[in-house]
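Please keep the sequence and the structure in view while reading.

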Amino acid sequence: MNDRPRASLGRILNDLGSTVIDVAASPGDLDAEVTGVHIFDPLDELIVPPGGILLAVGVQGTAEICALLTRAPAAAGVVVKLPVDADEQVRATVLETGVAVLGLTRAASWAQVAALLRSLLAEGDLAGPGEGPQGDLFSLANAVCALLDAPITIEDRSARVLAYSERQDEADQGRIATVLGRQVPERYQRMLDENGFFKLLYQSHEPVYFELDGDSINRAAVAVRTGDEILGSIWAAVREPLTPQRQRALADAAKIVALQLLRERAGADTQRRLRSDLLSTVLAGGADAPEAAARLGIATARLCVLAAQLAHPADDPARAESDRQRFADALALHVGAIHPKAAAALVGSVAYAVLPLQAGGEEEARAVRVAESFLARVGPRHSASVGVGRLAVSLAHVARSRADADRALRVLLARGATGQVAGYTAVHFESLLLQVADVAAAEDQAPTGPYQRLLDHDAEHGSDLVATLRAYLDAFGDVNAASARVHVHANTFRYRLKRLTEISGLDLSDADARLTVMLQMRIFGR
């Protein structure tokens, strides 16, 4: 039983390959342990814990690179967009600080490289003893690459890249785009589908050779399956059909990859359940919360809780659960990129995140902006709403922040809003009304007084006096505006208004009476 390989900088660079990131200046060996990925923001305080990889967004030139190296001496490496001017001053600063400077290809976005690095670190702290590392898929890809003498990708059924080998720079632009995006681009998927390649691949138990048009290099691929279930596929960029020996090697590799995917599926499910249970314990507060927070590696002070929920889950329960899990994973990636001690997990149908915030005031507003940026990123794929709780200054207050976030989310759902974020303080009164409505329903309360008399009259005579009253109150007593809302003449509206006061006994000149009936309308929702 092998221990999980340590996530050293050298190992991560080998997994990524020089197509994406290359070393511009090194202090020597690249054995430094990588603990997380952090994004440089010139407007925020720079905090990079030991072993962090710092993505130097917008940093260029010798002076800026050297200044950043000096400010982050504990980092394992600093990533700068190519071309990198690694002159004598940069190399001297690298040797002085011990921080490597890495060059990122200009074809990659910062979001892509953050996702790539975090996926390589994803085996993380929750892996149990003897649990196979996700990085083994990369080792398998490199082994198949050596056997076939061709760059390899391992993909799932949705054409998402699970792992890839070195030498991707020898392939074509389609493969490079696939590796950078961790997904086969849609235009290539459409081409493969229209030519029947996917159908042929999944029907065959042997490797299949595909001839591609244009400047693309041909492909040899084999389905990865267990029994009748297709788990994914292995793709090799080759210029000619495989020899029988290499075909057998690719077919055998598919069996090994299938076993690894099954182990990772079981391990991922276990880790997700464990993370969900631990985060639930933190959100509930109580005596076990500190231990759960320690196991998750999250902060214990100055936290805001985010509660996010998909607006339109799929009708199929399995598909809906899969969508929720991907949504929660995306939220975890987003908050993790902002703070290394953040955490997120799916609890029931809601994805919760615990987001640490530095002191400086307006913490809830800053958490709302984080949630808004998250929805902006996932919006094309996931329609959702997010509630944000008040600041919790310690673990003892996290349960309150979670309750706040739930209530803010509920207000958005009650409004029928999608793609929106609400901080608790912004919807405080609406939340209180919903809570009062809950109490009224639990105690089987019913409308009383003038409002009840109007409801009874409408039910008995088919009239619209309640709608008339609502329009009048919403228009602040402006009869012309109110009558336009219900599409009747102003004189007709005045007559109805007179009738409803006679029937109900409601005194519209009494502010308390108006408030009472307005609250009953909101609480009982009729």
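## Basis of the values

This is a predicted model, in which local features need pLDDT of at least 70 and side-chain atom pairs count only at pLDDT 80 or more, while totals for chains, interfaces and linings use all residues. Residues are numbered from 1 along each chain as its sequence is written, and side-chain values use heavy atoms, with hydrogens and water left out.

Helices (H or I, at least four residues) and strands (E, at least two) are DSSP runs, numbered from the N terminus.

## Two helix pairs

Helix H2 (residues 62-71) and helix H3 (residues 88-97) have axes that come within 9 Å and cross at roughly 5 degrees. That angle makes H2 roughly parallel to H3. Axes are lines fitted to C-alpha atoms, for helices over the stretch in contact, and angles run from 0 to 180 degrees between N-to-C directions. Angles under 35 degrees count as roughly parallel, over 145 as roughly antiparallel, 65 to 115 as roughly perpendicular and the rest as oblique. On the H2 side, Thr 62, Ile 65, Cys 66, Leu 69 and Thr 70 are in contact (heavy atoms within 4.5 Å) with Gln 89, Val 90, Thr 93, Val 94 and Thr 97 of H3. The contact of H2 with H3 has five nonpolar, five polar and no charged residues. In this scheme Ala, Val, Leu, Ile, Met, Phe, Trp, Tyr, Cys and Pro are nonpolar, Asp, Glu, Lys and Arg are charged, and the others, Gly among them, are polar.

For helix H14 (residues 428-442) and helix H19 (residues 511-524), the axes come within 8 Å and cross at roughly 70 degrees. H14 and H19 are therefore roughly perpendicular to each other. H14 contributes Phe 429, Glu 430, Leu 433, Val 436, Ala 437 and Ala 440, which meet Leu 519, Arg 522, Ile 523 and Phe 524 of H19. By class, the contact of H14 with H19 holds eight nonpolar, no polar and two charged residues.

## Helix H18 and its faces

Helix H18 (residues 490-504) has 15 residues, which should span 21 Å at 1.5 Å a residue, and its end C-alpha atoms are 21 Å apart, in agreement. The expected span is 1.5 Å times one less than the number of residues. Ala 490, Phe 493, Leu 497, Leu 500 and Ser 504 are the buried residues of H18. Seen down the axis of H18, these fall within an arc of 75 degrees, so they line one face of the helix. Buried means under 20% relative accessible area, exposed over 50%, and partly exposed in between (1.4 Å probe, protein chains only). The arc is that of the directions from the helix axis to the C-beta atoms. An α-helix has 3.6 residues a turn, so residues three or four places apart point the same way.

The buried residues of H18 pack against helix H15 (449-461), helix H16 (465-474) and helix H17 (479-485). The face turned away from the buried side of H18 carries the exposed residues Asn 491, Tyr 495, Lys 498 and Glu 502.

In helix H10 (residues 289-296), the residues Ala 289, Ala 292, Ala 293 and Leu 296 are buried. Viewed down the axis of H10, its buried residues fall within an arc of 100 degrees, so they line one face of the helix. Glu 291 and Ala 294, on the other side of H10, are exposed.

The 13 residues of helix H5 (residues 136-148) should span 18 Å at 1.5 Å a residue, and the end C-alpha atoms are 18 Å apart, which agrees. Buried residues in H5 include Leu 137, Phe 138, Leu 140 and Ala 141. Asp 149 follows H5 and has a positive phi, near 55 degrees.

Arg 246 lies in helix H9 (residues 244-284) and counts as partly exposed at 33% relative accessibility. Leaving aside neighbours within four places in sequence, Arg 246 is in contact with Leu 147, Leu 148 and Asp 149. Glu 363 lies in helix H12 (residues 363-378) and is buried, with a relative accessible area of 9%. With neighbours within four places in sequence left aside, Glu 363 is in contact with Arg 302, Cys 304, Leu 357, Gln 358 and Leu 391.

Ala 342 is in the loop between helix H11 (317-338) and strand E12 (343-347), and counts as buried at 14% relative accessibility. The C-alpha atoms of Ala 342 and Leu 355 are separated by 5.0 Å, although the two are 13 residues apart along the chain. Not counting residues up to four places away in sequence, Ala 342 touches Ile 298, Val 335, Gly 336, Val 354, Leu 355 and Pro 356.
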